Amino acid sequence: MKDPQTNPPIAIPVFSGSGHTTRLAQAVAQGAGNARVIDIQQMTDADWHALDAAPAIIFGTPTYMGSSAARYDAFLEEASDRWPAQLWADKIAGGFTVATFPSGDKLSTLMRLAVYAAQMGMIWVGQAEIGAPVDPEKPDINSAGSWLGLSATSSRDKSLLIEAPDMETARRFGKRISMAASRWF
Ligand SMILES: Cc1cc2nc3c(=O)[nH]c(=O)nc-3n(C[C@H](O)[C@H](O)[C@H](O)COP(=O)(O)O)c2cc1C
């Protein structure tokens, strides 16, 4: 992993009802190396500034009833005041979600985030990990086979919230977004 000082600053706005999405965001941030995890329920001026200044934004929401959480949608709508002047245009964007079920209709959430990023003029970057069963050297990495973005399944072990393979997949995803931002800017 590159020196955190040379990694581009990345903003990760997150909503999490019971901690799973925040836990996953921490792993994404770890992989990105120079990231600010932002709780969208407690937005400060500094958070908005970080979002506006970051060359890359990684959106994170749990999947609730087959799409992004309503409170996350409220945040996205609030941030859409950047749309008329295209203030977020050409930023790198990525997204991740967590749900109880292996499918859980998480793809719908990632599609919602990707469409939002497209409307904002952002450059969407998906997942690139090919794990098992195709690559036996990467057991359990991207086990969901999710390439539009990062998908995790919440652990039944509530001391963990997210199982180790999904945490490692998240670190790799964060690193990928950081590298994409480095190449783009
Ligand atoms: C209102 C609500 C709707 C949910 N809908 C789904 C769903 O559509 N699919 C699914 O697999 N899990 C669903 N879940 C479970 C959550 O996705 C799961 O508990 C997730 O880990 C929550 O993440 P969080 O702790 O960051 O809020 C739902 C949970 C809630 C509270």
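Biologist: What share of the 185 residues in the protein is buried?
Modeller: It comes to 46%. A residue is buried if 20 or more other C-beta atoms lie within 10 Å of its own, exposed if 12 or fewer, and partly exposed in between, with C-beta atoms placed from the backbone. Keep in mind that this is a predicted model: local features need pLDDT of at least 70, side-chain atom pairs count only at pLDDT 80 or more, and totals for chains, interfaces and linings use all residues. Residue numbers start from 1 along each chain as its sequence is written.

Biologist: Why is aspartate 105 called partly exposed?
Modeller: Because 13 other C-beta atoms lie within 10 Å of it, it is partly exposed. Aspartate 105 is in the loop between S5 and helix H4 (106–119). Helices (H or I, at least four residues) and strands (E, at least two) are DSSP runs, numbered from the N terminus.

Biologist: Which residues does aspartate 105 touch, leaving out those up to four places away in sequence?
Modeller: Thr63 and Gly66. A contact needs the C-beta atoms of two residues, placed from the backbone, within 7 Å.

Biologist: What makes you call H1 mostly covered?
Modeller: Twelve of its 13 residues are buried, including Leu24, Val28 and Ala32. The buried residues of H1 pack against several elements, among them strand S1 (10–14), strand S2 (35–39) and helix H5 (164–184).

Biologist: Which residues come nearest to the ligand?
Modeller: Of the 18 around it, those are Gly17, Thr21, Ala99, Gly104 and Ser154; to be near, a residue must have its C-beta atom, placed from the backbone, within 6 Å. H1, S3 and S5 are the elements that give two or more residues to this shell, and S3 has the largest share, with three.

Biologist: How many helices and strands does the protein have?
Modeller: Five helices and seven strands.

Biologist: What makes you say the protein is as compact as a globular protein of its length?
Modeller: The radius of gyration is taken over C-alpha atoms, and the globule rule is 2.2 Å times the number of residues to the power 0.38. The rule gives 16 Å for 185 residues and the protein has 15 Å, which is close, so the description holds.
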